[in-house]
Amino acid sequence: MPLAEHLRELRNRLAKAVLAITITSVVAAFFSQQLMEFLASPVTTCTPGTSIQENTGGRCVILAYQSVLSPFTSTVKVVLLAGLVAATPVWFYQLWAFVAPGLHRHEKRYAYYFVSAAVPLFLAGAALAYIVMPMSIGVLISITPDVASNFLSLDDLLDFATRMVLVFGLAFELPLLLIMLNVTGLVTAKRMAGWWRGVVMGIFVFGAVATPSTDPLGMLALSVPIIALYFLAVGVAFLNDRRRRKADPDAELSDDEAAPLDLTPEPVPAVGRVPAASALPEQADGDRAAQRQLGAGYDDVT
C-alpha cells in the first residue's frame, strides 16, 4: 500500500473513532448532572448549616465555581470524558484495524482478542482511579491547618478526576501493547524479561510523574498493578514463543542471521575405475604400453 493509501486509511479510522466518541458524548449529555455528582462524590463536601469549626481544617471541602463559564466548561469536560470511556471498544478496534492489514491473514483474528482485552483493562484502570481518588484527596486535604478552610473549585476537581481516569486507564494498556508487539514478532519474551529492571524503575517514575495527586499512595496504587500486569504479559509472551517454536523452529531467526550448518567433515568414498574412452589416440592405434601408462581405465586428465 503506498503512503497516500496509508494516510487515507488513517483518516477513515480516526473519523470513525471521533464519530463514535461524539455520539456517546451526546448521549452522556442527558446525564451530565448525575455524572458530575458521581465524579465529585470522592470528596467529602461540607453540608450546609455546619459551623465554622466543622468547615475548617481537613474535615471537609467546599466546592464552588469561580467564573461564569465554569459550569459550561466543566459540563463539556465531563460529557467528553464519559463519551471517551463509553466509546472505548470502537476506537480501540479502529486502532487495531489500522495495524491489522500489515499482518498475515491468520493473525488478523487477534483484532478481536485485542479489543476484548483492551476494554476491560481500560475500565479496570478507570475503576481503580475512582477507588484511589477518595484516599488521595483525603491525604491531601488532611494536612490543612485548622485556621484554614478547603475552598476547592469544581473545575479543578473535575480536571483532577479526568486525568486520574485517563492516566490509570491508559497505563493499564501497557501489558497489552507488549503482548501485541510479541504477537507481531517484533519483541521476544526473552528480551522482554531482560528489560524488567528498567521497566520497573520506569513504571515507578511514570507513576510519580503522571499521577495528578502527587502523593506516594497514588503512585503505588498505579505502579504496583502495572508491574504485576507486565510480568503477566511476559508470561503470555513466553507461551506464545513456545507455541511459535513448535510450529516453526526457525521462527525466531532474524533475517540477517544465518541458519546453523553442519560443517562436520565426511570421509571421501573410495575411487572407482571407469572405462577408458575408445577415442584416445593411444587406444586407437593399439598401443598397450600407453594404455598401461594411463592407468588402465582412467582418462588423460586423471
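Me: In this predicted model, why are helix 2 (residues 32-40) and helix 7 called roughly perpendicular?

Reply: Their axes cross at roughly 80° and come within 10 Å. Angles of 65 to 115 degrees count as roughly perpendicular, so helix 2 and helix 7 are given that name.

Me: Which residues make up the meeting of helix 2 and helix 7, and what makes up the contact by class?

Reply: From helix 2 come M36, L39 and A40, and they meet L154, L157, L158 and A161 of helix 7. The contact has seven nonpolar, no polar and no charged residues.

Me: Why is helix 7 described as roughly parallel to helix 11 (residues 216-247)?

Reply: The two pack at an angle of about 20°, with their axes 10 Å apart. Angles under 35 degrees count as roughly parallel, so helix 7 is roughly parallel to helix 11. The crossing of the pair is right-handed. V167, F168 and A171 of helix 7 make the contact with G218, A221, L222 and I226 of helix 11. By class, that contact of helix 7 with helix 11 holds six nonpolar, one polar and no charged residues. Gly counts as polar.

Me: How do you know that the span of helix 7 (residues 154-171) agrees with its number of residues?

Reply: At 1.5 Å a residue, its 18 residues should span 26 Å, and the end C-alpha atoms of helix 7 are 25 Å apart, which agrees.

Notes:
Residues numbered from 1 in each chain as written. Predicted model: local features only at pLDDT ≥ 70, side-chain atom pairs only at ≥ 80, totals over all residues. Heavy atoms only, no water. Helix = DSSP H or I, 4+ residues; strand = E, 2+ residues; numbered from the N terminus. Expected span 1.5 Å × (residues − 1). Axes fitted to C-alpha atoms, helices over the stretch in contact; angles between N-to-C directions. Parallel < 35°, antiparallel > 145°, perpendicular 65-115°, else oblique. Left-handed = near helix turned anticlockwise from the far one by under 90°. Contact = heavy atoms within 4.5 Å.
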